[in-house]
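Hi there,

Here is the structure I promised to pass on to you. Please have a look, and my notes follow below it.

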Amino acid sequence: KMTQQMRDLQLAQARKPPGPSSPNAAKRLYRNLSGKFRVNYTSFDEGSLVGRGEKEKLRKSYLFQSNAALFEAVELQDLDRVQEMLKHYSPEELDLNTPNSEGLLPLDIAIMTNNAPIARALLQAGAKESPHFVSLESRSLHLSTLVREAEQRVNELMAQVVNEAPSADCSEKEKQLKAWEWRFRLYKRMKAGFEHARVPDAPSSVHLSVASSSSLQVTFWEPLSVNSAIVTKYKVEWSCSSTFSPLLGEAVIDKLKDLHFTIQGLVSGTAYHVRVSAYNMKGWGPPQASSPPFAIPSNWREYDGRAPRRRGQAEALDHLLGQVKTVHQHCICHEPCKNQPQSRKHSVSKSLKHLFHPGSKFLKTLKRGLYLTAIFYKDDNILVTHEDQIPVVEIDDTYSCLLMQDFLWLTKVSCMWDEILWLRQCVTVSQSSCSCILQTRFKMLLAISQMQGLLGIQDLGQVFFEPIKDKQGNILIVTLKEVKTNQTFESVRWVPICKLQTSRKSVSSPEEPTALDTLLISVQDKLAYHQRSSHALSPGLYLGYLKLCSAVDQIRVLVPEQLPNILCHVKIRSNRNISREEWEWLQKMASMEEPVPTEPETDRSQNPLFQELQVAIKELMTLVNIPLQEAKDFRLYSQEVLDFGGQVSFLLLLPPSDDVCTAPGQNNPYTPRSGFLTLPLQIFELGEER
């Protein structure tokens, strides 16, 4: 009685038994599965299984139950259960796009019962419509067949129940009758949903922007109408003609997690028109033209043909470093340095076991001098020596030179931990000058080598942006490194940070803590800084605020605490590219020395970048606690757009030239709100590179 198409489909699906036949059966299945959604397959008692074959068989059976439960949850319109299963199972494990014995997919049932929340959840997970519905007629015929057969089955069972005497067999037929009556109502509701649906309206909005010199980005939004069926895919079309004849290309988007599409492979300087249309089970709706109606692929560099600033720089620096190494390897004075006795003998371990060796050179207390400490942490645990001390080695016990320049030099050394031995040899060659600076830096390299040898680790991590000083004359330089692997080392001792803080017996008074005590008190803040300094911005175009302050021996830059490797900033838009037309407008504004846009102007209201900058500048001024009227004296840096990693770009907002850098003793009338700090400029530059 089924059509030949459905007969073939049923044969193809014969390997999949039908799911529960009634709501009660589905509820029983939910109860059986509810405790298993939150565990892996190993939650079964695998000790009772004979071998891998039986384990795999049990796994497949368990997954089939999940697949059947998903169909029942969609039929019962149980959104919570659908979301729970989609969360704990992959689409492959659920057989999300494999039709059941009726030739339907979960998404088919959701859209034909007009259950928008469940349909959206399924679409987000990658659900598709059944490929067997090649036309409106085939879908209508299939639904009519399901309704007719369900109705016929209900009539047959009803006649049997009425005519047979009460018995166990009759009771079973009554249960089947109720199940088929429920399924008959479901199919009728699906058929009615299909018949009353109409094609979708056009997308409510389509935004077109320039993504690069060869691509355009299209962002669109769902149709506003709620009367049509749920949209399951979109079509993006582009052409050089406003009539879209001829059509240059089209793309169908059926992954609806993000409603945007990038058109690649376009010709720079050519205008392209774009439109988008939506699709549901009734077909394609009318297209919506983009706003603006066309766009021209371009990039701001095309304005004056400027090449990327850093093109080839990394390769050139690597080549230069190689040349320097080659020269030093052939230096006559270099040979004696190889066998020069070291002031501190230590063995290089291949593991971390020397942390706990009684003969290690780590210090327990600080005397007057300069020291290096390495903090390795994993989650809330920190690595300590066998005496429950943070690893500390001495750099110099007679340190008297200016620290800041030596400290900034050490931060640069942290970018090449693997080259410490070579650097020591190079500094040794030049030590004949008896320079205090060279003497101190050589001792720094010795201390680094000692720390690396005792730990058995070359990479000591990132140098914290300021050393810790105390009133006893101690200076402590801190390096930080997160251990993310689950690798376990022999005899390693990880101690919870809170335990280390409470168990350490302080040898100083609260009023005058030693540098080590200060480190333990503030260790969480330093770990938080280290983690935040490795965070990356999401792709897009940002407006950054450049504010410097100078001291006698350094220049510092204002940064947010939550992202200390980036200037104070707000996001302008998700598209990082500045087109040639936008850059021309910025150049024109800069040449006329016009103030930055803070107030709306009717003659520029059609310029999207102008509007985006208005919003961004207001947000940024509020963030750094500067009155908006003061921003009229600010200016946009118009020499270039700063590119970072190909995904993020920055426009810089500069204060008046006299206020870009605050001099020592100069009052800053506008103090930033809490949540900011100032970093030495060299530290900030290294953080950007990382």
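Below are the notes on a sheet, a helix pair and some backbone details.

First, the ground rules: this is a predicted model, in which local features need pLDDT of at least 70 and side-chain atom pairs count only at pLDDT 80 or more, while totals for chains, interfaces and linings use all residues. Residues are numbered from 1 along each chain as its sequence is written, and side-chain values use heavy atoms, with hydrogens and water left out.

Let me start with the sheet. Four strands make up an open, mixed sheet, ordered β23-β17-β18-β24. Helices (H or I, at least four residues) and strands (E, at least two) are DSSP runs, numbered from the N terminus, and two strands pair if DSSP finds at least two bridges between them. The edges are taken by β23 (661-662) and β24 (676-680); each has a single partner strand, so one side of each has no neighbour in the sheet. Strand β18 (residues 555-560) runs antiparallel to β24, and five bridges join the two. One of the residues involved is Val559, whose bridge partner in β24 is Leu677.

Next, the helix pair. Helix α4 (residues 79-88) packs against helix α7 (residues 116-124) at an angle of about 5°, and their axes are 10 Å apart. The axes are lines fitted to C-alpha atoms over the stretch in contact, with angles from 0 to 180 degrees between N-to-C directions. The two helices α4 and α7 are therefore roughly parallel (angles under 35 degrees). Leu79, Val82 and Leu86 of α4 meet Pro117, Ile118, Ala121 and Leu122 of α7, where contact means heavy atoms within 4.5 Å. The residues of this contact are seven nonpolar, no polar and no charged (Ala, Val, Leu, Ile, Met, Phe, Trp, Tyr, Cys and Pro count as nonpolar, Asp, Glu, Lys and Arg as charged, and the others, Gly among them, as polar).

Now for the backbone. The peptide bond from Ser245 to Pro246 is cis, with omega near 5°, and Pro246 sits in the loop between β3 (233-239) and β4 (249-253). Another cis bond links Ser291 to Pro292, with omega about -5°; Pro292 belongs to strand β8 (residues 288-295).

Asp379, not a glycine, has a positive phi near 60°. Asp379 is found in the loop between β9 (369-378) and β10 (381-383), and is exposed at 62% relative accessibility (buried is under 20% relative accessible area, exposed over 50%, partly exposed in between, using a 1.4 Å probe and protein chains only).

Best wishes

Terms used. Parallel < 35°, antiparallel > 145°, perpendicular 65-115°, else oblique.
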